[in-house]
Amino acid sequence: MSLADQSVSPSARPLVKLSNIRKSFGSVEVLKGVDMAVQEGQVVAMIGRSGSGKSTLLRSINGLERIDDGVIEVDGECVDPSQIDLRALRLKVGMVFQQFNLFPHLTAGENVMLALKVVKKQDKAACRAAAEAALSKVGLGHKFDAYPSQLSGGQQQRVAIARSLAMAPKVLLCDEITSALDPELVNEVLSVVRQLAEEGMTLLLVTHEMRFAREVCDSLVFMHGGRIIEHGPPAELFDRPQTPELAQFVGMVEAR
Amino acid sequence: MYNFTLWDILSNLLLAARWTVLLSAIAFVCGGIAGVLVLLARVAPLRPLQTAMKLYIELFQGTPLLMQLFIVFFALPLTGIETSPWTAAAVALTLFTSAYLAEIWRGCVEAVPRGQWEASASLAMSYGEQMRYVVLPQALRIAVPPTVGFSVQVVKGTAVTSIIGFVEVTKAGTMITNATFQPFLVYGLVGLIYFALCYPLSLSAKALERKLNVAR
């Protein structure tokens with residue numbers, strides 16, 4: 001995806017809209033009023049030091065963290081702190097985790113088919129076709145009957161991506177999805193994400209892969225101390241950081 | 001004086017052992033079914049239900065089985081509910097078993113990693129769907145060895161019911177000893193019968209554990 005796509009006119013209704021999100025764990029306020037909007041087809045990476053609130057923010061978008069205040073809106077589905085039934089929201093928001101979280105008692109194919117069967121109530125043939133398509137898309141069509149324990153970390157993560165994609169979400173959240181992988185396995189997962197980005201999938205990533213963020217993302221969000229303190233196109237943020245915090249962060253990651 | 005042969009003794013013990021087996025089976029099956037219900041209530045995201053089940057479990061874990069048996073056998077009739085030794089034994093052991101199994105299984109449910117809940121929640125699955133398709137199947141694997149291990153406790157627990165006059169293998173042993181004056185032989189045989197019942201259970205626990213681990 002090129003930067004041109006980011007020009008989805010700013011007046012268009014954003015696919016994901018966060019308004020004044022606040023969240024505390026006990027007495028520690030981890031999100032101090034975050035506003036953010038993601039347009040359809042945008043690829044946005046959230047960066048920042050650990051503890052800056054980026055994972056919490058990402059997890060609140062599909063209700064894994066209950067927010068204390070603010071409103072989350074995804075494609076017309078609203079979540080506010082009082083909301084309990086998150087099913088409608090979660091049908092529109094897929095999520096991939098750092099630890100893969102595949103269901104170990106099911107094969108790769110069954111992992112992908114489970115929610116299609118029990119949540120979307122699709123019939124057997126439709127489930128199977130969708131699962132095969134999703135696994136092929138991540139290059140694992142031949143691993144349909146393999147159990148997670150028989151797959152490498154990179155393959156497991158690709159199955160996890162296929163499992164989310166099969167549900168046809170409007171937006172996919174990726175929470176440090178390469179952080180638990182051996183270095184040689186990182187690229188196979190990133191290339192799947194890159195392919196999704198090129199196909200126009202709306203993606204929100206928390207990542208430490210700065211080169212990837214720079215190459216693939218339309219927009220970066222820099223979080224610090226529970227706030228978004230800078231956002232914009234990657235090149236701009238990396239080359240001309242406006243705040244000392246971002247300058248320090250960029251210096252830190254580039255020194256690595 | 002009548003002379004008891006070894007076969008006289010053994011055959012009578014084995015006849016009584018049927019009731020040990022039957023009582024164990026009833027306690028285990030009914031206790032298992034009740035245990036599942038207690039478990040589901042114990043881990044349900046509803047505070048009052050959790051607390052009530054916690055109390056239930058604590059009550060049965062915190063008092064001797066013998067006392068539970070006395071209460072069912074002697075106290076219930078005072079309230080107008082007649083109980084035979086059979087009913088009392090079955091009811092008391094079922095309640096006892098359900099409490100222990102629920103607690104054992106709760107540990108197994110909680111041993112399923114948090115990420116499994118999060119991943120299934122992200123796929124828009126409801127609590128019931130998560131339990132049924134993701135959490136319980138995994139908890140089941142973990143649960144097999146301790147569950148079968150506990151079934152051994154149930155078999156041995158039936159011995160206590162001899163106190164209220166239920167004639168299972170221990171009670172039969174006492175009665176035969178009174179007639180034969182051969183306690184060592186008789187109780188030795190009783191012990192062997194218990195061992196013959198329990199050892200296969202332990203062995204099958206191990207076999208099941210191996211079998212369920214294959215697909216991991």
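# Close-up views of a predicted two-chain model

Buried residues, meaning those under 20% relative accessible area with a 1.4 Å probe and protein chains only, make up 44% of the 216 residues in chain B. The structure is a predicted model, in which local features need pLDDT of at least 70 and side-chain atom pairs count only at pLDDT 80 or more, while totals for chains, interfaces and linings use all residues. Residues are numbered from 1 along each chain as its sequence is written, chains are lettered from A and ligands numbered from 1 in the order in which they are written, and side-chain values use heavy atoms, with hydrogens and water left out.

**View 1. Chain B, a chain with eight helices and zero strands.** Helices (H or I, at least four residues) and strands (E, at least two) are DSSP runs, numbered from the N terminus. Read from the N terminus on, the elements of chain B follow the order α-α-α-α-α-α-α-α, and its C-alpha trace spans about 80 × 50 × 20 Å along the principal axes. Of the contacts (heavy atoms within 4.5 Å) in chain B with a separation of 6 or more, 73% are accounted for by residues 24 or more positions apart.

**View 2. The interface of chain A and chain B, to which chain A gives 24 residues and chain B 19 residues.** The two chains bury about 1900 Å² between them, 61% of it on carbon and sulfur atoms; buried area here is the accessible area (1.4 Å probe) that two parts lose on being put together, summed over both. On the side of chain A, the residues that lose the most area to chain B are R90(A), F103(A) and H105(A), together 28% of what that side buries.

**View 3. Salt bridges across the interface of chain A and chain B, of which the rule finds three.** A salt bridge is a side-chain nitrogen of Lys or Arg within 4 Å of a carboxyl oxygen of Asp or Glu, and R87(A) forms one with E129(B), where the closest N and O atoms are 3.1 Å apart. In chain A, α2 (87-92), β6 (93-96), α3 (108-118) and α5 (153-166) each supply at least two residues of the side that touches chain B. The residues of that side divide into 14 nonpolar, five polar and five charged, where Ala, Val, Leu, Ile, Met, Phe, Trp, Tyr, Cys and Pro count as nonpolar, Asp, Glu, Lys and Arg as charged, and the others, Gly among them, as polar.

**View 4. Helix α3(A), which is mostly covered, with nine of its 11 residues buried.** Among the buried residues of α3(A) are N111(A), M113(A) and L116(A). Their cover includes α2, α4 (124-137) and α5 of chain A together with α6 (127-157) of chain B.

**View 5. Strand β8 (residues 202-206) of chain A, with five of its five residues buried, so that it is largely enclosed by the rest of the structure.** T202(A), L204(A) and V206(A) point one way from β8(A), whereas L203(A) and L205(A) point the other way. Strand β3 (residues 43-47) of chain A runs parallel to β8(A) and is joined to it by four bridges, with V44(A) opposite L204(A). Strand β7 (residues 171-175) of chain A also runs parallel to β8(A), through five bridges, and C174(A) stands opposite L205(A).

Note on methods: Buried means under 20% relative accessible area, exposed over 50%, partly exposed in between (1.4 Å probe, protein chains only). Two strands pair if DSSP finds at least two bridges between them.
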